[in-house]
Amino acid sequence: MTSSNLSSNEQPPCQTSLPHVVILGAGPSGVGAAYQLVKKGLATVTVLEKQGSVGGNAASFELDGIHCDFGSHRLHPVVPPEIMRDLRELLGENLLYQTRHGRIRLQGQWIHFPLKPLDLLFELPKPFALRILADTVGKILPRTASGPESFSTVLERGLGRTICREFYFPYARKLWGVDPAELAATTAKKRVSGSSIGKILRKVAKQIPGLKPEGAGRFYYPRRGFGQFSECLYEAAKAAGADFRFGAAFKAIERDDNGVKAVRYELAGKEHVIPAQNVWSTIPISLLVRGMCPEAPPQVLSAASNVASRGMILIYLVLDQDRFSNFDAYYFPEESIPISRLSEPKIFSSSVEPRGRTVLCAELPSDPGCPEWEMKDEELGSRLCEWIVRAGLPAPAHVKHVVTRRLRHAYPVYNQGYEESFSTLDRWLSEISGLLTLGRQGLFAHDNTHHTLAMSYAAVNCFSPNGEFDHMRWARYREEFESHVVED
Ligand SMILES: Cc1cc2nc3c(=O)[nH]c(=O)nc-3n(C[C@H](O)[C@H](O)[C@H](O)COP(=O)(O)OP(=O)(O)OC[C@H]3O[C@@H](n4cnc5c(N)ncnc54)[C@H](O)[C@@H]3O)c2cc1C
């Protein structure tokens with residue numbers, strides 16, 4: 001389609017001497033970048049978001065008077081100080097500093113999560129603990145590596161057979177929907193913070209009073225749900241002049257030899273075009289590549305199909321009771337229970353209101369085309385009640401109703417060989433002048449919210465009010481992003 005077919009051609013929101021940046025996506029990285037650009041007076045900003053509100057995967061919504069997230073979300077205290085300062089200032093007394101209180105099911109037994117030294121000594125089933133000990137001693141003996149590196153070889157070398165085969169491998173199959181041997185070694189390095197016995201013991205030791213670093217076992221959480229982080233950045237960005245368009249689905253980027261020219265998007269069934277010389281994209285990188293006009297070369301398009309995400313169904317049970325339990329989240333590594341986690345939002349915000357009602361949120365990794373993806377809410381709800389009971393938890397009493405949400409891009413899947421496909425996309429896109437990809441979906445990074453916010457703050461540090469982007473500096477930041485390891 002050419003511009004002449006378009007129903008609406010626009011001008012950037014206001015004519016100033018500042019450059020104009022169009023941001024695709026209003027998740028934490030999109031709103032974080034918008035806020036920083038306008039706060040620092042570096043650019044005028046238009047944000048295009050296909051949903052009706054901000055927050056992306058880290059958004060919240062209200063269900064029967066309770067603020068719910070898309071699965072258990074907490075802001076880990078390792079947030080870079082500059083970002084923490086902004087969030088504190090914007091949220092004021094709505095920012096809570098909470099203590100983690102979860103449980104994990106290991107070998108049919110519930111133990112505290114994050115792990116505590118005494119639980120490891122006394123609560124783990126003895127045969128399981130002895131096999132881990134034997135693996136640890138065995139690891140002291142020299143071994144020769146065989147075959148290519150993968151998630152399974154890296155973890156087995158670091159942790160031994162027992163923890164891998166009875167904990168990490170089933171969890172990985174459930175989370176990413178593929179066999180651990182098919183996952184790239186990067187998955188173990190970036191996604192598993194306890195990827196060796198030494199690292200696990202160091203993490204556990206951090207729970208010992210006296211050795212506990214500031215923030216261990218704690219997290220930040222806003223009173224109105226995790227999405228309030230994005231909402232406060234959005235409000236501040238809007239107040240400073242950023243223009244947000246909701247229900248605006250990205251369709252294409254028009255470009256020529258000099259770089260990006262315009263963005264096409266659909267809003268309320270109508271196609272619009274907005275001139276743009278700077279486009280910062282936080283939407284899935286494969287979607288962006290498929291929307292390039294003229295089209296990307298065939299090898300780039302084919303690489304886009306090798307960069308895949310795992311989806312997730314969130315099942316919310318609204319219960320007619322004050323509280324389900326005193327634990328904020330339950331983790332289910334074993335495959336016999338299909339959900340990976342169950343959380344109770346009221347506990348995250350220490351809410352007592354509304355009385356006589358609570359919500360349970362279950363995370364069920366799945367993809368379009370899987371039978372559960374098409375299932376009705378009530379069916380998913382009754383299956384969830386069965387799984388809860390099978391895991392030895394009390395049967396949820398008085399289920400008032402069931403609500404579900406589906407995330408198409410919950411987790412990046414690092415299949416063997418994905419690095420090559422990703423760098424094909426990344427290299428090709430980075431040669432287009434004026435185009436930048438960032439955020440969890442843009443850089444295909446299994447990152448926490450504090451990491452994605454760090455990306456948007458870094459991008460703004462590379463931008464100057466004359467519209468120039470410091471690519472050398474961005475390359476150094478990209479190297480720093482490589483060191484991000486996900487916190488659970
Ligand atoms: C189950 C789960 C639990 C998590 N728990 C934690 C946690 O405890 N702590 C933590 O820090 N992080 C957690 N995360 C990660 C956190 O959700 C992400 O780090 C964060 O959402 C990344 O923000 P982002 O802006 O980079 O991407 P996203 O949140 O994915 O935002 C991308 C945005 O782009 C929009 N978009 C997509 N396509 C289009 C289009 N065509 N047109 C316009 N807009 C489009 C989307 O609607 C979305 O708003 C969790 C994630 C999941 C899935």
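Author: Let's begin with helix length: the expected span of a helix is 1.5 Å times one less than its number of residues. Helices (H or I, at least four residues) and strands (E, at least two) are DSSP runs, numbered from the N terminus. Please keep in mind that this is a predicted model, where local features need pLDDT of at least 70, side-chain atom pairs count only at pLDDT 80 or more, and totals for chains, interfaces and linings use all residues. Residues are numbered from 1 along each chain as its sequence is written.

Reader: What span should α1 have at 1.5 Å a residue, and what does the model show?

Author: The 12 residues of α1 should span 16 Å, and the C-alpha atoms at its ends lie 16 Å apart, so the two values agree.

Reader: What makes β2 and β3 a pair?

Author: Two strands pair if DSSP finds at least two bridges between them. Strand β2 (residues 20-24) and β3 have five bridges, in the parallel sense. Ile23 stands opposite Val47 in β3. The chain gets from β2 to β3 through α1 (residues 28-39), and this β-α-β crossover is right-handed; that word means that, with the strands pointing away from the viewer, the path from the first strand over the helix to the second runs clockwise. β3 also pairs with strand β10 (residues 243-246), in the parallel sense over four bridges. There, Asp243 is the bridge partner of Thr46, and Phe246 stands opposite Glu49.

Reader: In what order do the five strands of the open sheet stand, and why do β10 and β21 count as edges?

Author: The order is β10-β3-β2-β14-β21, with parallel pairing. β10 and β21 (435-437) each have a single partner strand, so one side of each is left without a neighbour in the sheet. The twist averages 15° from one strand to the next. For angles, axes are lines fitted to C-alpha atoms, for helices over the stretch in contact, and values run from 0 to 180 degrees between N-to-C directions. By that rule, α1 runs at about 165° to β3 as it lies across β2, β3 and β14 (278-281).

Reader: Which strands form the open sheet with mixed pairing, and which stand at its edges?

Author: Seven strands form it, in the order β8-β7-β17-β18-β19-β16-β20. β8 (109-113) and β20 (399-413) have a single partner strand each, so they stand at the edges. Neighbouring strands of this sheet are turned by 20° against each other on average, direction ignored. Strand β16 (residues 308-319) and β20 run antiparallel, joined by 11 bridges, and Leu317 stands opposite Val402 in β20. Helix α14 (residues 377-390) packs on the sheet, touching β16, β19 and β20, and its direction makes about 90° with that of β20.

Reader: What puts the buried residues of α15 on the same side?

Author: Tyr418, Ser421, Phe422, Thr424, Leu425 and Leu429 are the buried ones. They cover an arc of only 155° around the axis, so they sit on the same side of α15; the arc is that of the directions from the helix axis to the C-beta atoms. An α-helix has 3.6 residues a turn, so residues three or four places apart point the same way. On the other side of α15, Glu420, Ser423 and Arg427 are exposed. The buried residues of α15 pack against α10 (285-290), α11 (298-304) and β21.

Definitions and conventions:
Contact = placed C-beta atoms within 7 Å. Buried ≥ 20, exposed ≤ 12 C-beta atoms within 10 Å, placed from the backbone.
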